Amino acid sequence: MSDSSASVVDLMDKDETCRFFGGHNRPINHATLYRGIKAGRYPEPIKVGANSSRWIKSECAVALARIIAERDAKVAA
């Protein structure tokens with residue numbers, strides 16, 4: 001693959017992902033993240049090493065937009 005065709009993907013570690021969904025001052029708990037993954041609320045991580053996982057930021061943004069849309073639909077109903 002040449003450098004010109006490579007796409008850059010922003011990855012976040014577990015702590016960054018918890019802050020992404022909960023905010024910088026009050027991130028969600030790691031257990032909440034994993035329960036949300038199991039329930040389909042949050043995206044699954046990718047394994048980047050034997051003991052390392054990362055979340056794709058764009059997938060997290062889509063999940064957050066879906067959560068907001070679901071909230072807005074309930075408010076409108």
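**Close-up views of a predicted model**

**Figure 1. Packing of helix α1 against helix α2.** In this predicted model, helix α1 (residues 14-22) packs with helix α2 (residues 30-39) at an angle of about 80°, and their axes lie 10 Å apart. Because an angle of 65 to 115 degrees counts as roughly perpendicular, α1 is described as roughly perpendicular to α2. Helix α1 contributes Lys14, Asp15, Thr17 and Cys18 to the contact, while α2 contributes His30, Leu33 and Tyr34.

**Figure 2. The buried face of helix α1.** Thr17, Cys18 and Phe21 are the buried residues shown in α1. Viewed down the helix axis, the buried residues of α1 fall within an arc of 100°, and they therefore line one face of the helix. An α-helix has 3.6 residues a turn, so residues three or four places apart point the same way. The partners against which the buried residues of α1 pack are β1 (11-12), α2, β3 (52-56) and α3. Thr17 and Cys18 also take part in the contact with α2.

**Figure 3. The two sides of helix α2.** Leu33, Gly36 and Ile37 are the buried residues of α2. These residues cover an arc of only 105° around the axis, which places them on the same side of α2. The face turned away from this buried side carries the exposed residues Arg35, Lys38 and Ala39. Packing of the buried residues of α2 is against α1 and β3.

**Figure 4. The largest nonpolar core.** The largest nonpolar core has 11 residues in all: Met12, Cys18, Phe21, Ile28, Leu33, Ile37, Tyr42, Trp55, Cys60, Ala63 and Ile67. Two or more residues of this core come from each of α1, α2 and α3 (57-76). Helix α3 gives the most, with 3 residues. In soluble globular proteins, nonpolar side chains tend to be buried together.

**Figure 5. Surroundings of Ile37.** Ile37 is one of the buried residues of α2 and also belongs to the largest nonpolar core. When residues up to four places away in sequence are not counted, Ile37 touches Tyr42, Pro43, Glu44, Pro45 and Trp55. Among these, Tyr42 and Trp55 are likewise members of the largest nonpolar core.

**Figure 6. Ser53 in strand β3.** Ser53 lies in strand β3. Its relative accessibility is 18%, so Ser53 counts as buried, the cut-off for that class being under 20%. Not counting residues up to four places away in sequence, Ser53 touches Asp13, Pro45, Ile46, Lys47 and Val48. Pro45 is also touched by Ile37.

**Figure 7. Loop residues Gly40 and Asn51.** Gly40 is found in the loop between α2 and β2 (46-49), and Asn51 lies in the loop between β2 and β3. Gly40 has a relative accessible area of 46% and is partly exposed, whereas Asn51 is exposed, with a relative accessible area of 77%. The C-alpha atoms of Gly40 and Ala63 are separated by 9.3 Å, the two residues being 23 residues apart along the chain. For Asn51 and Gly22, which are 29 residues apart along the chain, the C-alpha separation is 24 Å. Ala63 is a member of the largest nonpolar core.

Definitions and conventions: Residues are numbered from 1 along each chain as its sequence is written. This is a predicted model: local features need pLDDT of at least 70, side-chain atom pairs count only at pLDDT 80 or more; totals for chains, interfaces and linings use all residues. Side-chain values use heavy atoms; hydrogens and water are left out. Axes are lines fitted to C-alpha atoms, for helices over the stretch in contact, and angles run from 0 to 180 degrees between N-to-C directions. Helices (H or I, at least four residues) and strands (E, at least two) are DSSP runs, numbered from the N terminus. Angles under 35 degrees count as roughly parallel, over 145 as roughly antiparallel, 65 to 115 as roughly perpendicular and the rest as oblique. Contact means heavy atoms within 4.5 Å. A nonpolar core is a set of buried Ala, Val, Leu, Ile, Met, Phe, Trp, Tyr and Cys residues joined through side-chain atoms within 4.5 Å. Buried means under 20% relative accessible area, exposed over 50%, partly exposed in between (1.4 Å probe, protein chains only). The arc is that of the directions from the helix axis to the C-beta atoms.
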